[in-house]
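Hello,

Here is the structure I promised to pass on.

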Amino acid sequence: MRKISLILGAFLSLFIISCEGPEGPPGYDGYDGRDGQDGEDGVNILGTVIDIQGDFVADDYSIFYEFPQTVEVFESDVVLVYILWDQTEDGNGDPVDIWRLLPQTRLLDQGILQYNYDYTFFDVNIFLEADFDLGTLPAGDTDDQVFRIAVLPADLAQGSRLDRSNINAVMSLMGATELDVQKIALD
């Protein structure tokens, strides 16, 4: 008796689970708003990668970069800055850039030097901090420094397990290649 009730219960369960009721009425179509005006040509809201090259000058030892109007940065976006730390060669002898995410610290004979940055959705300020007189730095630490600025939209940055220290992973997530990088030399 127990086996029969167990088998009947199993069939009844399968019958109830596999049943579908009638399809409900279709929903209402949404309101179709007016077509908007075309956006301004060249405005980028998807994320941008920009290389800037400049010198840290003696007055404040900073490099200030204001985003152009063609790059729209929102308050919720993530702005990452990388320094071109070194170059090496691949197996074919072609140069390969080595980028490091800021802040970066160097231990020098004079003391500790740090490349750091802050940003708003209008600009990026890259600056030097040290526990010694920055006027004693050689030109190799201050002149012709190259930085890569990656503006990562909040939608991409949230919920991703992105290694932000890896510029290639960041650019891959944004769908950007080296050809997409804007290069700007600052005065």
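Tyr61 lies in the loop between S1 and strand S2 (62–66); helices (H or I, at least four residues) and strands (E, at least two) are DSSP runs, numbered from the N terminus. Before going further, note that this is a predicted model, in which local features need pLDDT of at least 70 and side-chain atom pairs count only at pLDDT 80 or more, while totals for chains, interfaces and linings use all residues. Residues are numbered from 1 along each chain as its sequence is written, and side-chain values use heavy atoms, with hydrogens and water left out.

Back to Tyr61: its phi is near 50 degrees, a positive value in a residue other than glycine. Is Tyr61 buried or exposed? At 13% relative accessibility, Tyr61 counts as buried (buried means under 20% relative accessible area, exposed over 50%, partly exposed in between, with a 1.4 Å probe and protein chains only). Asp144, in the loop between helix H2 (139–142) and S8, also has a positive phi near 50 degrees, but Asp144 is exposed, with a relative accessible area of 54%. For context, most residues other than glycine have a negative phi, and most peptide bonds are trans.

**The sheet**

Five strands make an open sheet of mixed pairing, ordered S4-S3-S8-S1-S9 (two strands pair if DSSP finds at least two bridges between them). S4 and strand S9 (182–185) are at the edges with a single partner strand each, so one side of each has no neighbour in the sheet. S1 and S9 run parallel and are joined by four bridges; Ile52 has Ile184 in S9 as its bridge partner.

**Helix H4**

H4 packs on the sheet, touching S1, S3, S4 and S8 (contact means heavy atoms within 4.5 Å). In H4 (residues 167–174), the buried residues are Ile167, Val170, Met171 and Met174. Viewed down the axis of H4, these fall within an arc of 95 degrees, so they line one face of the helix (the arc is that of the directions from the helix axis to the C-beta atoms). The face turned away from them carries the exposed Asn168 and Ser172. Just after H4, Gly175 has a positive phi of about 75 degrees.

I'd be glad to hear what you make of it.

Best wishes

Note on methods
Axes fitted to C-alpha atoms, helices over the stretch in contact; angles between N-to-C directions.
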